[in-house]
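This briefing goes through a ligand site and the packing of some helices. Look at the structure first, then read the points below.

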Amino acid sequence: MRIIFYSAEIYDKEVFTKVNEKFGYDIEFYECCLDRKTAAKARDFDVVCAFVNDKLDEKVLTILSSFGIQLVAMRCAGYDNVNTEIANELGIRIVRVPDYSPYAVAEHGAALLLALIRKLPQACARAKNMNFELGGLVGRELHGLTAGILGTGKIGQIMASILRGFGMNIIAHDIIEDTKWAKENDVKYVDLEDLWQKSDVISIHCPLTVETRHIVGHAAIRSMKNNAIIVNVSRGALIDSKALLHALKDGQIGGAALDVYEGEKEYFFKDWSTKIVEDDTLSRLMTLPNVIMTGHQAFLTDNALMNIANTTLENIKGFENGSELQNEVS
Ligand code: NAD
């Protein structure tokens, strides 16, 4: 089996090369994203392995199908960047890694939240310069505040338990309520409007779908408390970033802790430090003291990478053997 990897970073190469010792696949790694321009590289391969910002739209899938590719192995949980309907029509099967480590993602969300409310980036920058003044560094405590969890799947439930550990009250909203979990963990499900209104911290853990795109927009933000903090380690387009910027500038909400951004495809995973960033919303967000942002790294732990590599290559093995594909999406 020949497998082409798109969007491959150094850590992908290292961990997949190690794990592949027991599978023995012929793997080629490419740093470029999969899109209409780069799809031609997949000629002569059997399987495409792709990541969060690769674009698997109708055109790309049609090109892959013309090369005889029948499997796309996503090495991530979300697959909002794949046109699954077209893939089905073309007979391309899509597999993914549904739960490589929900702890990695939830813990990163909690880290961002704490760093934001205790002003750690500013404090650390000062300390590095031997400036130990404390003016302007007054923080907030989580204890006794209310956290609203949007999406109580694997990651949302772990985030809820982490925030409970800080002494927060937990409310939640999901289209499918896990009432047993809620009862056991003293979590109250509320409707979406209540979640916006009552939460001091809103942490988003639902997938990006047609229904959830811009679920945090002008209307939702208007309902929120003036000092509410939004945490998004899920997908960028869950938040209307222009509405978020407007609200942050106007003091309608208290802050944002983000690992994802709706325009991230152009910028994330690359070094733009010496280039002109044309996305004014991204640039402006970065200037605000009440915004903290990382570049889609919530998944990036040693444990998660190992699990991703193992499950991805197991998925491919299952396809090769004609077994039932446990992690197939349709
Ligand atoms: P999951 O499938 O276990 O849980 C998602 C939950 O969202 C489910 O309970 C589902 O019912 C709920 N949901 C769906 N539509 C909803 C809606 N309209 N309103 C409210 N709830 C809704 O998924 P998970 O493993 O917890 O992952 C959640 C998301 O995290 C993924 O979809 C992915 O986009 C994102 N993610 C990000 C990273 C990262 O590195 N930043 C890594 C992994 C996953």
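**Ligand site and helix packing**

The ligand has 21 residues around it, and Y100, K154, I155, D174 and V233 come nearest. The model is predicted.

**Polar atoms at the ligand**

- D174 places a polar side-chain atom 2.6 Å from an oxygen atom of the ligand.
- I155 lies with a backbone N or O atom 2.9 Å from an oxygen atom of the ligand.
- In the side chain of D259, an N or O atom is 3.1 Å from a nitrogen atom of the ligand.

**Helix 4 and helix 6**

- Two packed helices are described by the distance between their axes and the angle between them.
- For helix 4 (residues 102-117) and helix 6 (residues 154-165), the axes come within 8 Å and cross at roughly 45°.
- The two helices, helix 4 and helix 6, are therefore oblique to each other.
- Their crossing is right-handed.
- Helix 4 makes the contact with P102, Y103, V105, A106, E107, G109, A110 and L113, and helix 6 with K154, I155, I158, M159, I162 and L163.
- By class, this contact of helix 4 with helix 6 has eleven nonpolar, one polar and two charged residues.
- K154 and I155 of helix 6 belong to this contact, and both are among the residues that come nearest to the ligand.

**Helix 1 and helix 13**

- Helix 1 (residues 10-19) and helix 13 (residues 302-321) have axes that come within 9 Å and cross at roughly 55°.
- That angle makes helix 1 oblique to helix 13.
- The crossing of helix 1 and helix 13 is right-handed.
- On helix 1 the contact is made by Y11, V15, F16 and V19; on helix 13, by L305, M306, I308, A309, N310, T312 and L313.
- The contact of helix 1 with helix 13 has nine nonpolar, two polar and no charged residues.

Notes:
Residues are numbered from 1 along each chain as its sequence is written. This is a predicted model: local features need pLDDT of at least 70, side-chain atom pairs count only at pLDDT 80 or more; totals for chains, interfaces and linings use all residues. Side-chain values use heavy atoms; hydrogens and water are left out. Axes are lines fitted to C-alpha atoms, for helices over the stretch in contact, and angles run from 0 to 180 degrees between N-to-C directions. Helices (H or I, at least four residues) and strands (E, at least two) are DSSP runs, numbered from the N terminus. Angles under 35 degrees count as roughly parallel, over 145 as roughly antiparallel, 65 to 115 as roughly perpendicular and the rest as oblique. A crossing is left-handed if the near helix is turned anticlockwise from the far one by less than a right angle, and right-handed if clockwise. Contact means heavy atoms within 4.5 Å. Ala, Val, Leu, Ile, Met, Phe, Trp, Tyr, Cys and Pro count as nonpolar, Asp, Glu, Lys and Arg as charged, and the others, Gly among them, as polar. A residue is near a molecule or strand if one of its heavy atoms lies within 4 Å of it. A polar contact is a pair of N or O atoms within 3.5 Å; within protein, one must be able to donate a hydrogen and the other to accept it, and residues adjacent in sequence count only if both atoms are side-chain atoms.
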